[in-house]
Amino acid sequence: MTAHDHAQQHPGEATASSVPDRRRFLGYVLAAPTLTVAAQLGEAVLAPASAAAATPSLVPSPPGPSEIYDLNDMLTHATLPTANLITVRIDQDGTASFALPRAEVGQGITTSSAMLLAEELDLPLDKVRITLADARPELLFNQLTGGSNTTISTFTPIRVAAAVARGRLLHAAALELGELVGSLTAKAGAIVSSTTGRSLTYGELAVKAAAVTDTAVGVALKRPSEFKVIGTAQRRIDALEAVTGRKRFAMDLQVPDALPTMVCRPPTINGTVRSVENPDEVRSMPGITDVVRVSTGVAVRGRTFGQCIDAVRALRVQWGPGSAEGASDATVLRKLRAAELPLVVPPLPLLTKAVDARFTFHFASNSALETNCAIADVRADSAEIWASLKSPIVAQEEIALALGLPVTAVTVHVTEGGGSFGRKLFHDAAGEAAEISRAMGKPVKLMWHRTDDFRQGRTHPLSTSRVRATYSLGEVLTYEQRHTSVATDFGHGLGEIITSAAARLPVGDLTFSETIFQLTQQSPYHFGVTTQLLSETDKGFNTGSMRNIYSPNVRCAQELVVDELARRMGRDAYEFRRRHVKDERARAVLDKVAEVGEWGRDLPAGVAQGIAIHPEYHSVVAVLAEIDCRPETTGRTIEDAYTGPRVTKVVCAVDVGLAVNPRGLQAQMMGGIIDGIAVTLTSGLHLRDGHFQEGSWDNYFYTRQWNTPPELEIVVMPPTSDRPGGAGELAVAGAMAAVACAYGRATGTMPTTFPVNHAEPLGFEPLPTTPPIPASPVDGLDRAF
């Protein structure tokens with residue numbers, strides 16, 4: 001496996017000098033014992049970087065809503081009023097400390113944030129300390145982690161705060177050394193006098209540079225040509241802790257008296273407890289301290305997780321029906337078909353032809369490696385919560401409401417998370433742990449079993465896409481797409497209680513979904529009159545965003561139709577895309593993957609290439625995938641449960657404007673590619689009789705080692721802007737579409753159901769629903785917790 005990083009060339013001085021005001025900002029020095037600074041933004045940061053328009057086809061398409069103003073713009077603008085509440089502190093040991101108001105769940109934002117501070121402070125990266133901020137309601141929309149927005153929205157505030165700190169340190173050093181500020185230089189965490197050679201460390205200056213009152217300070221940020229850290233490939237600052245097992249997640253924390261806790265959950269989605277037949281018997285089992293009935297099931301607390309598992313298995317519970325009782329894939333699909341919005345442009349006989357297609361995308365699991373977990377200590381007048389939370393303000397406010405406590409009495413600590421992919425936008429575990437702790441009157445360390453996560457956790461909703469593209473004389477005249485989905489829960493809102501509540505109103509959820517859809521979905525092609533609309537139905541499921549929200553399914557459907565349009569018109573799939581693409585940045589990444597991936601090279605029958613592009617959040621990615629569908633060479637799992645096509649090669653070219661950390665960006669693209677392969681070929685949930693059949697990794701076929709492409713190359717394009725675009729979700733849609741197109745070309749048939757192995761009868765024996773937690777193959781390890 002290789003990763004290729006093209007030379008990072010920053011935009012030229014002409015670009016910087018043409019917009020001088022974009023470098024000047026106002027910051028604050030805050031009254032504190034040691035130097036503490038904050039940022040305040042100006043309007044100059046708001047305007048998105050413009051991109052040169054590509055040569056249009058004969059039937060150009062007007063820009064869609066998300067091409068003018070997208071979800072990332074909305075999220076970024078929402079953070080501006082509270083940007084000055086984000087502070088950086090210089091301590092007496094010479095380190096810079098920053099409490100990041102976002103959640104680190106493996107995407108590497110602690111590293112990129114440290115790089116921003118190190119750049120403007122002229123401080124070594126190992127002198128920057130990044131922690132995760134507790135829930136801070138005063139930040140409003142500024143503590144939501146989602147939409148690939150962290151780096152975009154914090155890029156300027158963090159740098160402004162760091163630049164203010166650097167200026168304040170220089171000023172303090174000038175007074176101490178009796179020198180002019182202009183004669184001093186900052187390097188490696190020290191202020192050096194250019195005339196005498198004397199130096200003072202940041203630590204020595206931290207107290208002297210502190211202020212007794214809040215003071216406004218103007219500051220100019222570095223030009224891209226001056227960057228020494230930003231744009232360079234850096235290892236993750238938490239890499240050593242991760243590989244040595246010292247990285248601390250919620251379950252690693254030792255909170256006094258917080259004992260292992262698990263919940264016996266219903267056999268169907270959102271089922272209810274009617275009665276518990278043997279609570280005293282289970283309470284008397286070895287190590288078990290408590291058994292209580294809660295809204296989501298029956299909770300048990302014990303000395304070890306192994307004892308809790310035994311107790312959950314032993315419980316005899318009578319369950320009431322759930323919210324999806326009796327539902328199956330087929331019944332849900334019928335509801336979706338009935339809710340489908342009509343296509344309005346018919347093909348005109350003798351004048352136009354049309355490509356008509358309908359695609360089905362089955363339920364999928366976020367499947368983060370770390371299961372849902374949280375620690376809670378609820379007392380009569382206060383509560384303290386520890387969990388990985390991407391929307392901690394909503395968690396704090398809703399838990400306070402449920403407990404009948406003022407928000408100020410509830411402390412929510414954000415811990416690092418072992419993956420999320422949208423899952424941790426919801427605080428299910430934190431809220432449940434708080435409910436259990438209150439019921440038991442004791443601290444609890446709650447962990448969901450893996451089976452619970454698959455069957456009762458959040459899922460990406462089942463959806464369909466109906467597409468019609470009309471064409472004539474070699475040109476696409478219209479493109480219509482009607483995406484119909486099980487309702488996506490946006491109950492986390494934009495990170496605070498008002499939009500969270502609005503999203504749960506009877507019509508608020510649809511309004512929220514429509515807004516998110518229109519602010520994220522765009523067609524990168526000139527296909528004449530283009531419409532993409534969403535319809536949602538069926539709220540009986542626990543759904544949520546899953547890495548890229550609607551984009552993977554919507555883009556996969558469109559790119560497959562693009563392949564079919566090219567085939568019918570006798571055009572090469574790559575050249576057809578190149579001719580119709582709207583944007584020069586998209587054309588550049590498309591050209592790059594075609595070049596590096598050797599598009600069109602000779603391949604044996606049953607092996608083929610696919611190519612796709614995906615623009616989103618002021619970034620664009622192109623992916624070329626090769627797939628081997630020959631029966632004699634396809635891979636199989638260790639369990640011999642699935643035989644199918646194997647992706648053998650992927651080339652990805654990505655343009656995010658300015659890549660803060662190219663190495664971290666490569667890692668994000670790799671993860672997204674693996675996700676794209678999974679949801680295209682193998683990873684899906686089967687719904688039957690009101691519950692999902694999959695219950696663990698042995699039957700939820702995420703991309704395995706045998707299906708990870710042995711050739712994987714990531715090309716980070718040279719900067720096309722002086723600011724970063726979104727990256728965290730970018731590669732999933734591009735990879736899914738490219739793999740699907742490759743599969744269609746290799747088999748000669750356009751795939752229309754995803755994952756392609758989603759078939760009946762099942763290729764595995766489902767885990768039983770009663771008892772809900774099966775015997776563990778590593779029971780001894782369970783007991784060691």
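Planes under 30 degrees apart make a pair stacked, over 60 edge-to-face, and the rest tilted. The model behind this is predicted, so to speak of local features takes a pLDDT of at least 70 and side-chain atom pairs count only at 80 or more, while totals for chains, interfaces and linings use all residues. Residues are numbered from 1 along each chain as its sequence is written, and side-chain values use heavy atoms, with hydrogens and water left out.

Take Tyr479 and Phe527, a tilted pair with 6.1 Å from centre to centre and 40° between the planes. Tyr479 belongs to strand β24 (residues 475–486), whereas Phe527 is in the loop between α15 (508–520) and β25 (529–537), so the pair ties together parts 48 residues apart in sequence. Helices (H or I, at least four residues) and strands (E, at least two) are DSSP runs here, numbered from the N terminus. Tyr479 is buried at a relative accessible area of 0%, and Phe527 is buried too, at 1%. Buried stands for under 20% relative accessible area, exposed for over 50% and partly exposed for anything in between, using a 1.4 Å probe and protein chains only.

Phe527 also pairs with Phe576, again tilted, at 6.3 Å centre to centre and 40° between the planes. Phe576 sits in helix α17 (residues 573–580), 49 residues away from Phe527, and the pair links distant parts of the chain. Phe576 counts as buried, at 1% relative accessibility. Put together, Tyr479, Tyr525, Phe527 and Phe576 make up one aromatic cluster.

Rings also meet charges. The charged end of Arg458 sits over the ring of Phe426, 3.7 Å from its centre, and that of Arg423 sits over the ring of Trp448 at 5.7 Å. For this, NZ of Lys or CZ of Arg has to be within 6 Å of the ring centre and within 35 degrees of the ring normal.

Strand β24 turns up again in an open sheet of 5 strands, ordered β25-β24-β23-β16-β34 with mixed pairing. The edge strands, β25 and β34 (753–754), each pair on one side only; pairing takes at least two DSSP bridges between two strands. β24 and β25 run parallel and are joined by 9 bridges, and Gln481 stands opposite Gln532 in β25. Across β16 (353–361), β23 (463–472), β24, β25 and β34 lies helix α16 (residues 551–568), running at about 150° to β16. Angles like this run from 0 to 180 degrees between N-to-C directions, with axes fitted to C-alpha atoms, for helices over the stretch in contact, and contact means heavy atoms within 4.5 Å.

As for the cysteines, the structure holds 0 disulfides, a disulfide being a pair of cysteine sulfur atoms within 2.5 Å. The sulfur of Cys264 is 12 Å from the closest cysteine sulfur, that of Cys308, which is too far for a bond. Cys264 is buried, at 2% relative accessibility. Cys741 is in no disulfide either, and the nearest cysteine sulfur, in Cys556, is 6.9 Å away. Cys741 is buried as well, with a relative accessible area of 1%. Helix α9 (residues 305–314) is mostly covered, with 7 of its 10 residues buried, and Cys308 is among them.

How values were computed
Rings of Phe, Tyr and Trp (its six-membered ring) pair if their centres lie within 6.5 Å; planes under 30 degrees apart count as stacked, over 60 as edge-to-face and the rest as tilted.
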